[in-house]
Structure formats: C-alpha cells, structure tokens
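Subject: Structure for you to look at

Hello,

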Amino acid sequence: MRIARVAHPEGVAFAAVEAGSDGAEIAAEIAEHPFGTPNFTGRSWPLADVRLLAPILPTKIICIGRNYADHAAEMGTQAPANPVMFLKPNTAVVGPNVPIMLPADSSRVDYEGELAVVIGRPCKDVPAAQAAGVLLGATVANDVTARDHQQADGQWTRGKGHDTFCPLGPWIETSVDITDADLRTELDGVVVQDASTALLLHDVPALVEWISRVMTLLPGDVILTGTPAGVGPMTEGQTVSVTVEGIGALTNPVAAR
Ligand code: MG
C-alpha cells in the first residue's frame with residue numbers, strides 16, 4: 001500500500017494512493033492514522049485533485065552518515081565500524097514539490113538522495129531479526145546539507161538542520177523489497193547519484209537494532225539510511241529528484257531564502 005498525506009478540498013488526511021475503478025489513481029481517505037490496520041472512511045478523490053504532503057510528521061528523524069563505502073571515500077573518510085548517527089529536527093521536513101530554501105549565509109548546499117524507513121509502532125531494543133515487524137514502510141528522502149556549515153562547526157546540527165532540509169515522500173510504500181533497490185538522484189534531469197541499497201554498509205535491520213538500543217522509536221519516526229557517492233551542490237532555480245525503485249520519485253525545486 002502507498003500511504004500518503006494529502007491536502008484535499010476539505011482538509012488534510014492520510015490516504016492510500018491506489019487505482020480507482022476507472023484505472024486512474026485515487027487517494028482513498030484513511031480514518032485517523034495509518035498505523036496498525038488502517039480504517040478507510042469511504043471518501044476518495046482523484047489524485048490530481050489533492051496535493052501530496054510529507055507522508056508523515058515524525059517526532060524525530062535519525063540519520064546515518066557514511067553508510068556507503070563510496071560516499072565515505074569521496075568525503076575523504078573511512079567507513080565507520082559502527083553506524084554514525086545524527087538527528088535532524090522535525091521542522092526540517094517538507095513534502096514533494098516544496099522548495100528547498102538555500103540559507104543566505106551558506107555558499108554550498110548539497111543534495112543527498114537516501115532511502116528512508118518509517119517506524120510503525122513504539123519500540124526499544126529491537127533485535128535486527130525482528131526489525132521488519134516495527135516498520136510501517138519505506139519512503140524517499142533528501143538529506144539536504146549545508147556543507148560549509150557542517151564542516152565549519154565540527155558537528156552537524158546546523159549543516160543538516162535548516163528548515164526545508166528534509167524533503168520526504170511522495171508516500172510510504174508498505175510492501176517494497178528495499179534490500180536491493182535502485183537509488184537514483186537527478187539534478188535538472190542529469191543523473192548524479194546511482195546506486196543500489198544492497199550497498200548499504202549497515203542495512204535497515206542493523207540500523208533499527210543500533211538506534212533502538214539508544215532511544216525509544218515512536219510511530220512515524222523516520223530513519224534516513226545514508227547517501228551513496230555523487231553528492232554535490234544545488235543552486236537557485238534547479239530541480240532535484242530522488243527515486244527509489246519500487247517506491248517513487250521525490251522532486252523539489254531549489255530556491256533562495
Ligand atoms: Mg546523509
């Protein structure tokens with residue numbers, strides 16, 4: 001199931017994006033929240049009549065750095081033995097097609113296309129073998145980074161935490177095989193990152209075990225699994241699009257603040 005959050009003519013709701021009776025895609029409204037077994041209200045809208053929002057509003061966003069060997073190498077660093085974890089504030093989240101706003105005091109803002117997973121139930125100390133049971137599904141993320149802020153500070157909160165620096169979407173796919181999915185980033189239609197999630201140094205079950213050993217994960221929390229090689233800068237007026245095979249494409253324009 002593709003779980004989206006949509007702005008519809010009368011408000012905002014979670015919705016399943018699916019084929020309608022005439023074959024055209026619709027957004028079928030989910031009552032309340034999508035966790036557990038979703039209940040449907042019976043209302044639906046043509047997908048063209050709603051606006052896709054960020055598919056979830058997490059209480060926290062846990063990101064993993066240097067989780068592909070080729071990206072660690074391009075940053076001039078070793079791939080770490082254990083996952084390197086950092087947080088983005090939930091105020092950084094935006095949905096598809098919302099502009100990424102370049103901070104006025106940064107001279108280099110990079111895209112980082114990433115596979116993201118969404119937690120489906122409260123959990124702590126989850127063994128890797130049981131990680132699949134705590135996930136709602138997978139989505140696409142862009143771990144937007146002010147590289148100069150990141151490098152100047154020696155830690156990453158400012159570089160990774162600006163408003164609009166966590167595009168998510170277009171929806172959460174609940175039944176996708178993410179163990180070997182193509183991950184591709186395009187800047188103005190030019191492919192700049194192209195890798196497989198099979199190259200993750202620490203895979204999703206290992207990340208869930210590692211993170212949940214530290215902090216309780218809540219429904220809707222998002223884990224960004226890391227970016228492959230090919231990161232680079234975005235400038236005002238460009239468009240960045242991240243696609244994960246089996247999920248979809250997350251596209252955002254880039255604008256000056
Ligand atoms: Mg990243």
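The sulfur of Cys166 lies 6.2 Å from the closest cysteine sulfur, which belongs to Cys63, and that is too far for a bond. A disulfide is counted here when two cysteine sulfur atoms are within 2.5 Å. In general, a disulfide is a covalent bond between the sulfur atoms of two cysteines. For Cys123 the closest cysteine sulfur is also in Cys63, at 17 Å, again too far for a bond. The count by this rule is 0 disulfides. Cys166 is buried, with a relative accessible area of 0%, and Cys123 is buried as well, with 10%. (Buried means under 20% relative accessible area, exposed means over 50%, and partly exposed is in between, with a 1.4 Å probe and protein chains only.)

Some notes on the model before the rest. The model is predicted, so local features need a pLDDT of at least 70 and side-chain atom pairs count only at pLDDT 80 or more, while totals for chains, interfaces and linings use all residues. Residues are numbered from 1 along each chain as its sequence is written, and side-chain values use heavy atoms, with hydrogens and water left out.

The metal site

Which residues coordinate the magnesium ion? They are Glu112 (OE), Glu114 (OE) and Asp143 (OD), at 2.0 to 2.1 Å. Donors are N, O and S atoms within 2.8 Å of the metal (3.2 Å for Na, K and Ca); water is not among the atoms, so sites may look incomplete. Along the sequence, the spacing of the donor residues is E-x1-E-x28-D. Glu112 is buried at 3% relative accessible area, and Glu114 is buried at 1%.

Thr145 is in strand S13 (residues 145-146). (Helices, H or I with at least four residues, and strands, E with at least two, are DSSP runs numbered from the N terminus.) Thr145 is buried, with a relative accessible area of 0%. Leaving aside neighbours within four places in sequence, the residues in contact with Thr145 include Glu112, Gln150 and Phe165. Contact means heavy atoms within 4.5 Å.

The cores

A nonpolar core is a set of buried Ala, Val, Leu, Ile, Met, Phe, Trp, Tyr and Cys residues joined through side-chain atoms within 4.5 Å. The largest one has 36 residues, and the members that touch the most others are Leu115, Val208, Ile211, Ile223, Val244 and Ile247. Among the elements that each supply at least two residues of this core are strand S1 (2-8), strand S11 (113-119) and helix H4 (204-212). The largest share, 4 residues, comes from H4. A second, separate core of 31 residues includes Phe35, Val109, Ala141 and Phe165.

The aromatic pair

The structure holds 1 aromatic pair. Rings of Phe, Tyr and Trp (its six-membered ring) pair if their centres lie within 6.5 Å; planes under 30 degrees apart count as stacked, over 60 as edge-to-face and the rest as tilted. The ring centres of Phe86 and Trp156 are 4.9 Å apart and the planes are at 70 degrees, so this pair is edge-to-face. Phe86 is in strand S7 (residues 84-88) and Trp156 is in the loop between helix H2 (147-153) and helix H3 (157-161), 70 residues apart. Phe86 is buried at 10% relative accessibility, whereas Trp156 is partly exposed at 24%.

Backbone details

Most residues other than glycine have a negative phi, and most peptide bonds are trans. A cis peptide bond joins Gly169 and Pro170, with omega about 5 degrees. Glu32 has a positive phi, near 60 degrees, and is exposed at 72% relative accessible area. Asn97 has a positive phi of about 70 degrees and is exposed at 56%.

Regards
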